[in-house]
Amino acid sequence: MLYEPDVFEPLTDEGWDEARVRTAVAEIVADTDHAHDPQSLWPAHEWDAWKLTPPVLDLYCGAAGVVWALDALRRRGYAETTLDLPAVAVRTLELWRAEPGLMTGIELPSPPESSLLAGESGILLVAWRLAPSIEHADALLERVRDNVANEANELMWGSPGTMLAAQAMHEWTGDERWAQMWAESAEVLLARRDEGGLWTQQLHGSMYRDIGPVHGMVGNIHALLQRRGEANETLERETAAVLAKEAVVEDGLANWPPLAEGGLQPPSGAIRLQWCHGAPGIVTAAADYLDEELLLAGSELTWCAGAHGPDKGAGLCHGTAGNGFALLKAFARTGDERWLDRARRFAVHALGQVERSRAEQGHGRYSLFTGDVGAALFAAACLDADARYPVLEGWN
């Protein structure tokens with residue numbers, strides 16, 4: 001068995017309607033605006049506030065991610081927020097500095113404050129993007145520098161995440177100190193790569209070799225490939241070989257285990273088929289170099305499984321929208337319109353999930369990777385036929 005059907009639900013029969021999708025995106029932005037509080041920002045979903053004291057502030061499932069998503073949707077012409085986004089970004093940074101919003105009661109990699117997705121680096125990057133200042137840039141540079149030797153060799157907490165921040169700042173400013181920090185981070189990260197092309201992660205008191213985009217190999221490789229050069233061809237070829245070895249293939253469908261040399265069924269928990277662990281994330285992160293037969297096999301499994309059920313929901317990290325990006329990648333790789341049509345079915349379903357949840361709860365879910373604005377970004381990507389995954393592949 002490549003996935004667990006019980007955690008998925010059949011896709012909606014509702015067809016793609018561009019006007020309807022645009023309206024749904026605008027409704028998400030309007031609800032997000034309405035829920036904003038100038039002092040405490042946004043209420044947090046119970047899952048998003050796990051081991052945190054609200055307000056949640058980070059890029060992954062906090063205010064910084066919501067602010068960035070609202071700005072991205074505005075820049076792309078899909079909805080105009082009523083909020084003063086630069087002021088909200090600065091307020092988010094102020095709250096973090098008053099009381100850093102790091103998880104408690106769990107072992108965090110050192111230094112945790114520098115994390116792109118769960119620490120101050122992501123907050124600073126959003127603050128600079130919306131309210132550029134020398135202070136924000138200098139503070140972010142220090143966080144990137146502090147994170148060069150982070151013990152977590154993965155994207156959420158470690159240097160691969162802050163390498164993406166350095167790359168973005170270099171593209172925006174042309175300042176060579178960002179390129180230098182990226183190169184220093186890359187040198188250390190490559191030195192920690194083992195002979196098999198993998199990294200050993202040290203996270204939350206455990207050591208393991210993950211292959212996914214958030215905590216593993218393909219996320220690290222994605223960060224290393226940001227500055228193009230001849231060495232990238234070798235990295236791509238070697239990583240594709242690891243992914244071919246680790247793939248579990250049945251009847252023309254493929255999935256990948258979370259851990260290298262491990263089975264699809266982990267010692268505890270369910271088989272994963274989502275962006276953060278499993279075929280959707282492998283396809284999305286490795287689409288440029290993954291063997292095309294495996295890319296299509298992973299995409300086909302994602303399509304056959306359907307939408308995530310209410311437990312996972314509509315989000316980018318482990319929900320319907322995140323899985324849908326694999327279908328957009330299959331379209332980008334092959335040019336076959338069938339994959340774009342399938343991705344758009346996922347987008348319509350994800351927007352419907354957002355609407356149902358909002359009606360049941362009386363409010364939305366205010367988070368980039370797990371909430372409503374992430375589903376809105378996926379819908380916008382389907383409108384544009386743009387397969388770039390948010391944050392990892394661009395900040396616009």
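Which helix gives the most to the lining of the second largest pocket? In this predicted model, the answer is helix 6, with five residues. Let's start there and then work through the cavities, the salt bridges and the cysteines.

The second largest pocket holds about 410 Å³ of space. Its lining is made up of 24 residues, and those nearest the centre are His222, Gln226, Leu392, Glu393 and Gly394. Sorted by class, the lining of the second largest pocket has 11 nonpolar residues, six polar ones and seven charged ones.

Rolling a probe the size of a water molecule over the atoms shows where empty space is left. There are four cavities of 30 Å³ or more in the structure, and the largest cavity has about 90 Å³ of space. Around the largest cavity sit 14 lining residues, with Arg76, Arg388, Tyr389, Pro390 and Asn396 nearest its centre. Helix 2 (63-75) and helix 14 (372-384) each bring at least two residues to this lining. Its make-up by class is eight nonpolar, two polar and four charged residues.

Charged side chains also meet each other directly: the structure holds 24 salt bridges. One of them joins glutamate 135 to arginine 97, with 3.2 Å between the closest N and O atoms. Glutamate 135 belongs to helix 5 (residues 134-146) and arginine 97 to helix 3 (residues 85-98), so this pair ties together parts that are 38 residues apart in sequence. Arginine 97 is partly exposed, at 40% relative accessibility.

Arginine 145 forms a salt bridge with glutamate 142, and their closest N and O atoms are 2.4 Å apart. Because these residues are three apart in helix 5, about one helical turn separates arginine 145 from glutamate 142. Arginine 145 is partly exposed at 37% relative accessibility, and glutamate 142 is partly exposed too, with a relative accessible area of 40%.

Another salt bridge runs between glutamate 238 and arginine 193, where the closest N and O atoms are 2.8 Å apart. This pair links distant parts of the chain, 45 residues apart: glutamate 238 is in helix 9 (residues 231-246), while arginine 193 is in the loop between helix 7 (176-191) and strand 2 (201-203).

Finally, the cysteines. A disulfide is a covalent bond between the sulfur atoms of two cysteines. How many disulfides does the structure have? The count comes to zero. For cysteine 304, the nearest cysteine sulfur belongs to cysteine 382 and is 18 Å away. Cysteine 304 is partly exposed, with 43% relative accessibility. Cysteine 317 is buried, with a relative accessible area of 4%.

Definitions and conventions. Residues numbered from 1 in each chain as written. Predicted model: local features only at pLDDT ≥ 70, side-chain atom pairs only at ≥ 80, totals over all residues. Heavy atoms only, no water. Salt bridge = Lys/Arg side-chain N within 4 Å of Asp/Glu carboxyl O. Helix = DSSP H or I, 4+ residues; strand = E, 2+ residues; numbered from the N terminus. Buried < 20%, exposed > 50% of the residue type's maximum accessible area, 1.4 Å probe, protein only. 1 Å grid on protein atoms, 1.4 Å probe; cavity = no way out; pocket = protein on both sides within 12 Å on 5 of 7 lines; lining within 4 Å. Points joined across faces, edges and corners; volume = space filled by probe spheres on them. Nonpolar A, V, L, I, M, F, W, Y, C, P; charged D, E, K, R; others polar. Disulfide = S-S within 2.5 Å.
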